Amino acid sequence: GDSVTQMEGPVTLSEEAFLTINCTYTATGYPSLFWYVQYPGEGLQLLLKATKADDKGSNKGFEATYRKETTSFHLEKGSVQVSDSAVYFCALPLAGGFKTIFGAGTRLFVKA
Amino acid sequence: DTAVSQTPKYLVTQMGNDKSIKCEQNLGHDTMYWYKQDSKKFLKIMFSYNNKELIINETVPNRFSPKSPDKAHLNLHINSLELGDSAVYFCASSSPSGRAVYEQYFGPGTRLTVT
């Protein structure tokens, strides 16, 4: 069935380090893909998105490329900041958008 | 102006009680959702409503009863609360339409603690 697999956390990095959070998916067709971020004590908010193969979504220095051949949508950032500490969710909308499957979430800690 | 709001933010209650959580969105969206997030941050959809009609019910126990009086509101009533219902409940809204990119907007969450 449809699924999203995300790398397990927590991930602990020093400020200015490079970040990669892996995400792979299983789905029929070519769905849109999303990354959401949840800061402590808050709801999720959209970080970036891609609607078709080879699309690159980007926002706030984060990037992710929709790779159809590897069914992946890995999140990257070249230089993390303490303020990036949060939980990151890869998401796969299904059923015409009425149902979204979220990955298990990856908690990121960035140390000063 | 808050886009998606939920009340209350915190709810502490005893087993067996009945409680409700309210959600309102002012984004003009057609679809609203309820999610449950457990202590490990795992997020699972419970219900989705489109134009006040139930679209998705993810095998949630029938102690949980959503109600949508209009497109802007989706409330969640929980009967006979159990310890396992302790979680953070999020409301969200969006407007899915074909291939359009339909991001969801989330409320701040309601932390329910059942003792």
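**Strand pairing and the interface of chains A and B**

User: In β8(B), which residue stands opposite Glu24(B)?

Analyst: In this predicted model, β3(B) and β8 (residues 73-78) of chain B pair in the antiparallel sense over four bridges. Glu24(B) lies opposite a residue of β8(B), and that residue is His73(B).

User: In β3(B), what is the bridge partner of Val4(B)?

Analyst: Strand β1 (residues 4-7) of chain B pairs with β3 (residues 19-25) of chain B. The pairing is antiparallel and holds four bridges. In β3(B), the partner of Val4(B) is Gln25(B).

User: Which strands of chain A stand at the edges, each with a single partner strand?

Analyst: Chain A has an open sheet of four strands, paired antiparallel, in the order β3-β9-β8-β7. A strand at the edge has a single partner, so one side of it is left without a neighbour in the sheet. The edge strands are β3 (19-21) and β7 (56-59) of chain A.

User: What does the twist average from one strand to the next in the open sheet of chain A?

Analyst: The strand order in question is β3-β9-β8-β7 of chain A. From one strand to the next, the twist averages 15°.

User: How much area do chain B and chain A bury between them?

Analyst: The size of an interface is often given as the accessible area lost when the parts come together. In contact here are 25 residues of chain B and 25 residues of chain A. Of the area buried between the two chains, 58% is on carbon and sulfur atoms. The total is about 2,100 Å².

User: Which side chain of chain B meets Lys99(A) in a salt bridge?

Analyst: The count of salt bridges between chain B and chain A is two. One of the pairs has Lys99(A) in it, with an N to O distance of 3.3 Å, which lies within the 4 Å limit. The side chain on the chain B end is that of Glu58(B).

User: How many nonpolar residues does the side of chain B that touches chain A have?

Analyst: Five residue pairs are in polar contact across the interface of chain B and chain A, both residues being at pLDDT 80 or more. On chain B, β4 (31-37), β5 (43-50) and β6 (53-57) each supply at least two residues of the side that touches chain A. By class, that side has six charged and six polar residues, and its nonpolar residues number 13.

Conventions
Residues numbered from 1 in each chain as written. Chains lettered and ligands numbered in written order. Predicted model: local features only at pLDDT ≥ 70, side-chain atom pairs only at ≥ 80, totals over all residues. Heavy atoms only, no water. Contact = heavy atoms within 4.5 Å. Buried area = accessible area lost by both parts, 1.4 Å probe. Polar contact = N/O pair within 3.5 Å; in protein donor to acceptor, adjacent residues only side chain to side chain. Nonpolar A, V, L, I, M, F, W, Y, C, P; charged D, E, K, R; others polar. Pairing = 2+ DSSP bridges. Axes fitted to C-alpha atoms, helices over the stretch in contact; angles between N-to-C directions.
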